[in-house]
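Please keep the sequence and the structure in view while reading.

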Amino acid sequence: MRKNIGAILGGLLLFVVYANFMLKENETYAVIVAQYKKPIEQWPSPVVDKGVAWREFEALDMDTLYYETQEMPEVVLGKTLFFDPKLSKSNQISCSSCHDPEMGWTDHRQVSLGNDHLLGKRNTPSLYNIAARTSYFWDGRAETLEQQMVGPLSAHHEMDTDIKSLPAKIRAIKEYKPLFKAAFGEEKITYDRIISAIATFQKTIKSQPSRLDKFIQGEYQYLTDQEIYGMHLFRTKAGCMNCHHGKYLTDESFHNIGLTYYKREYEDLGRYWYTKRAEDVGKFKTPSLRDLAVTRPWMHNGLMDDLEGIVNLYNSGMNMINPTEEEKRLDPLFPTTDTLMKSLELNEQEIKAIVAFLESLSGSYYKMPRPDLPRK
């Protein structure tokens, strides 16, 4: 009898503790939620590190001119070229081989797969909102889309095309001539026109509004209390707004977040290969978080495919390796993790809330059909 009473009392105590925890959690959610269910101009300011030029979130609007834009002659031509494997040396690989509309305009691979089944070294970035980027590639070595195109077209492990002979190859396909005439007013086919048309098409690839966008616009039912709490943590304790802010949730800058794998497997010195500056070792471009759920896996090397795991990594501070002063003196290229990376001390409840918020950032669902391609 005494044992039964003890068990009952123990159970009641556990229930009371759990009930108090849930009450406190609900009270926390209620206070936070009330701060955000109002116009964005009245939201609490984010907590960012000194010197960070952050920008407030901005809602995406539906592209109401999308279908009209897709009928523009240069877009039609660019789309056709984008999906045409004849732009590659083997006639087997198109731009869409790595940037597939059914896979969030990426390929869902760890790293890209190209000519002769050769693997690249980095994850394929999505083309969502590519027109809004200020530099291209993970290391930012291209300043325009047109400049960027030389890489995948000519790289041996991608499309392996001789770009000097590409116009003649396309010129030999008679069905392309009326497409070029409609786009440029004459049938003349040049390399500059080829990449201009592809770039014009790519710039039409935009994210559709997510639940976050609807929330920002005053439709507060689109985010749960947990997601709002996660957004608050994203903007404050978790420090995410240091790099992921503005309309596209990126600062368009470069950071070493501690994933250089220096002198180990997966080593990649990042932006250093382009700038040759020691301070750029291990820096990679901050990706946009738009349509995050449909563009996995993540990071420059595609090694991460679990959002909770990524948040846990950031929670740890990402300080995988940092040199001592002596090590830095002996090896100037020894990478130093960005000072923005620090231990966050997030608890399990907070981590799950942030993950829930991140999952609210994806709104695109339209899968573009592939066009009919010129055959002769």
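Two residues are said to be in contact when heavy atoms of theirs lie within 4.5 Å. The model discussed here is predicted.

**The chain as a whole**

The protein chain has 376 residues, of which 48% count as buried. Its secondary structure comprises 14 helices and two strands. Along the principal axes, the C-alpha atoms occupy a box of roughly 90 × 55 × 45 Å. Among contacts with a separation of 6 or more, 70% are between residues 24 or more positions apart.

According to UniProt, in an unreviewed entry, the annotation "domain: Cytochrome c" covers residues 73–174 and 225–362. In the stretch 73–174, the chain is 30% helix and 0% strand. The end C-alpha atoms of residues 73–174 are 17 Å apart.

**Two helix pairs**

Two packed helices are described by the angle between their axes and the distance between the axes. The table gives these values for two pairs.

| Helix pair | Residues | Axes come within | Crossing angle |
|---|---|---|---|
| α3 and α7 | 73–83 and 177–184 | 7 Å | roughly 140° |
| α10 and α14 | 225–235 and 348–358 | 7 Å | roughly 100° |

The axes of α3 and α7 cross at roughly 140°. Angles over 145 degrees would count as roughly antiparallel and those from 65 to 115 as roughly perpendicular, so α3 is oblique to α7. The crossing of these two helices is left-handed. On the α3 side, the residues that meet α7 are Pro 73, Glu 74, Val 76, Leu 77, Thr 80 and Leu 81. Their partners in α7 are Leu 179, Phe 180, Ala 182, Ala 183 and Phe 184.

For the second pair, the axes of α10 and α14 cross at roughly 100°. This angle falls between 65 and 115 degrees, and therefore α10 is roughly perpendicular to α14. Helix α10 contributes Gln 226, Glu 227, Tyr 229, Gly 230, Met 231, Leu 233 and Phe 234 to the contact. From α14 come Gln 349, Glu 350, Lys 352, Ala 353, Ile 354, Ala 356, Phe 357 and Leu 358. The contact residues of α10 and α14 divide into nine nonpolar, three polar and three charged.

How many of the eleven residues of α3 are buried? The number is nine, and the helix is mostly covered. The buried residues are Glu 74, Val 75, Leu 77, Gly 78, Lys 79, Thr 80, Leu 81, Phe 82 and Phe 83. Their cover includes α2 (66–70), α4 (95–98), α7 and α8 (191–202).

**Residues listed as a binding site**

The unreviewed UniProt entry lists Cys 95, Cys 98 and His 99 under "binding site". Cys 95 belongs to helix α4. Its relative accessibility is 13%, and because the limit for a buried residue is under 20%, Cys 95 counts as buried. Apart from neighbours within four places in sequence, Cys 95 is in contact with Phe 82 and Met 159.

His 99 is located in the loop between α4 and α5 (145–154). With a relative accessible area of 15%, His 99 is buried as well. Neighbours within four places in sequence aside, His 99 is in contact with Phe 82, Trp 105, Thr 106, Thr 124, Pro 125 and Leu 127.

Terms used. Residues are numbered from 1 along each chain as its sequence is written. This is a predicted model: local features need pLDDT of at least 70, side-chain atom pairs count only at pLDDT 80 or more; totals for chains, interfaces and linings use all residues. Side-chain values use heavy atoms; hydrogens and water are left out. Axes are lines fitted to C-alpha atoms, for helices over the stretch in contact, and angles run from 0 to 180 degrees between N-to-C directions. Helices (H or I, at least four residues) and strands (E, at least two) are DSSP runs, numbered from the N terminus. Angles under 35 degrees count as roughly parallel, over 145 as roughly antiparallel, 65 to 115 as roughly perpendicular and the rest as oblique. A crossing is left-handed if the near helix is turned anticlockwise from the far one by less than a right angle, and right-handed if clockwise. Buried means under 20% relative accessible area, exposed over 50%, partly exposed in between (1.4 Å probe, protein chains only). UniProt positions are given in the numbering used here, feature names are shortened, and annotations may be inferred rather than shown by experiment. Ala, Val, Leu, Ile, Met, Phe, Trp, Tyr, Cys and Pro count as nonpolar, Asp, Glu, Lys and Arg as charged, and the others, Gly among them, as polar.
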